[in-house]
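Have a look at it first, and then we'll take it piece by piece.

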Number of protein chains: 2
Amino acid sequence: MSAPDSDLLSLNTATVRAQWKLPEIIAGCVRHNIRGIAPWRDQVAATGLNETAQRLGDAGLTVTGLCRGGMFPAIDREGRRSALDDNRRAVDEALALRARCLVLVVGGLPKDRSGSVVSKDLRGAREMVRDGIGELLQHAQSAGMPLAIEPLHPMYAADRACVNTLAQANALCDELAPNGKDGLGIAVDVYHVWWDPDLEAGIERAGAAERLFAYHICDWLVPTTDLLNDRGMMGDGVIDLPMIRRWMEAAGYRGMHEVEIFSAANWWKRDPDSVLATCKTRHEVCT
Amino acid sequence: MSAPDSDLLSLNTATVRAQWKLPEIIAGCVRHNIRGIAPWRDQVAATGLNETAQRLGDAGLTVTGLCRGGMFPAIDREGRRSALDDNRRAVDEALALRARCLVLVVGGLPKDRSGSVVSKDLRGAREMVRDGIGELLQHAQSAGMPLAIEPLHPMYAADRACVNTLAQANALCDELAPNGKDGLGIAVDVYHVWWDPDLEAGIERAGAAERLFAYHICDWLVPTTDLLNDRGMMGDGVIDLPMIRRWMEAAGYRGMHEVEIFSAANWWKRDPDSVLATCKTRHEVCT
């Protein structure tokens, strides 16, 4: 399989968030000729929404997604309404940044105000997610901002996202946006879905419905020493990245390849310029 | 839902393996009136197969499973043959111990002789698993020892088991033992499958084919701080254990409930008698 077009590389800003603030990351992308970026809302807030939009525009970067909306389940109606309000603000921020989509990490079991999980009702949480996306979609559609549901690895089902497979994400899209092209789609992150025996079928189904809104890459390390912050650089783990890219392309995906690496013990401790240079090389050689 | 019959509690010996050797664990079960046990092969080997069988028989314990066979994928034919030879020995040991089944943790991506993962071919690994179980099944059937495929959580797909859902396990059984009751079934461990949106359907399908050979319980902690050894005691996490037991019973399962807790930072550091007492109480109150 031929190497991917290097212009398709995008940088999720989490990858160097320990070393740089957002303006430095934007400048780093320009310096390394990385053409896309996906910032996190806390970084945007720290820099200011307008200044961020200005800097992104000046740099000519494609914003492959804003991270993130979601976290819909809550223990009471007030909590769910508060989450929805925050999600509407996230849609508006994504618009201001001209993001291609707002990425949704949908949330896990309902939490109380202190952030503790206080329910074992996974089915109920999944219904809250469906209802929350459905409500948010009305605002997002009228605003013209696509929503990308990101299935998360099953090890995050309790506390981060109870949508854990492409089959679930596809079913949500079928239910909430049955006509396709209506602003609800999927972010495929290899870290979360690489293990799924139905991955190829799920990508194919999403592609046929024009729902492939984003593609995130990194690698799964063996051993993995932390559930959250031990993701690998492409090529350092066991994911067959060229194969999954081939499936994405066969399904019609033509968007960018967003590198997103949470790595407390390794990449977050390195010189960020060398991290970006490594991302570029590995994108070309290993994906 | 009514409390489970306390006579159905079984102890997977991993739960107190840090504190006790196998003879002490057997004595502990007798002392706490725990009627079932599932030992690990290394513990059996340390005590001796014949002595273990004698002690288990004297104690009148039901052996709900022997842990474990599996680990079929290997990088070359010699490695796969060596794995198969070891699995045949495991079948024979299970027979000597009068175990209800040999539990299969099927293995992940192929490793070299040093134990390093050296392949990214997950599909190929799954084929090796299918072929390995198929070969082992001939020996197990003629010996009269049921094999129980245990789907493991997707976070173990790379290094421990590439069978990660009940759907996969059911499909393997359909393919390799299409007639049912032919000695190939499934061990349902809540820790590995609780997140699965298709769990109820998978249990129902397995039950209808009389494939529910074992039921393992513990809990999923939030947060989980270690991928391997941070399992929770029943009631300390987020798994709806009564619901899953109801599904198992509705599917026809009448076997024991095997507590299996890997817990380096907590339960392995406690007085093992208090651990067993807690298992008994929590089994009654929380499952």
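Start with the sheet in chain B of this predicted model: nine strands make up an open sheet, paired in parallel, and the order across it is S3-S2-S1-S9-S8-S7-S6-S5-S4. At the edges stand strand S3 (62-63) and strand S4 (66-70) of chain B, and each has a single partner strand, so one side of each has no neighbour in the sheet.

For a look at one pairing, take strand S1 (residues 9-12) of chain B and strand S9 (residues 257-259) of chain B: they run parallel and are joined by three bridges. Leu9(B), for instance, has His257(B) as its bridge partner in S9(B).

Now over to chain A, which has 10 helices and nine strands. How does its radius of gyration fit with a compact globule? For 287 residues a compact globule would come out near 19 Å, and chain A has 18 Å, which agrees. Here are some overall values for the chain.

| Property of chain A | Value |
|---|---|
| Radius of gyration | 18 Å |
| Box filled by the C-alpha atoms, along the principal axes | roughly 45 × 45 × 40 Å |
| Share of the 287 residues that count as buried | 52% |
| Share of contacts (separation of 6 or more) between residues 24 or more positions apart | 78% |

On to the inside. The largest nonpolar core has 188 residues, and Leu102(A) and Leu102(B) are the ones with the most contacts inside it. What does Leu102(A) touch, if we leave aside neighbours within four places in sequence? The list runs through Leu66(A), Gly69(A), Ala90(A), Val91(A), Ala94(A), Met145(A), Leu147(A) and Ala148(A).

That leaves the way the two chains sit together. Where they meet, 21 residues of chain B are in contact with 21 residues of chain A. On the chain B side, the residues that touch chain A split into 14 nonpolar, four polar and three charged.

And how are the two copies related?

Terms used: Residues are numbered from 1 along each chain as its sequence is written. Chains are lettered from A and ligands numbered from 1 in the order in which they are written. This is a predicted model: local features need pLDDT of at least 70, side-chain atom pairs count only at pLDDT 80 or more; totals for chains, interfaces and linings use all residues. Two residues are in contact if their C-beta atoms, placed from the backbone, lie within 7 Å. Ala, Val, Leu, Ile, Met, Phe, Trp, Tyr, Cys and Pro count as nonpolar, Asp, Glu, Lys and Arg as charged, and the others, Gly among them, as polar. A nonpolar core is a set of buried Ala, Val, Leu, Ile, Met, Phe, Trp, Tyr and Cys residues joined through C-beta atoms within 7 Å. A residue is buried if 20 or more other C-beta atoms lie within 10 Å of its own, exposed if 12 or fewer, and partly exposed in between; C-beta atoms are placed from the backbone. Helices (H or I, at least four residues) and strands (E, at least two) are DSSP runs, numbered from the N terminus. The radius of gyration is taken over C-alpha atoms; the globule rule is 2.2 Å times the number of residues to the power 0.38. Two strands pair if DSSP finds at least two bridges between them.
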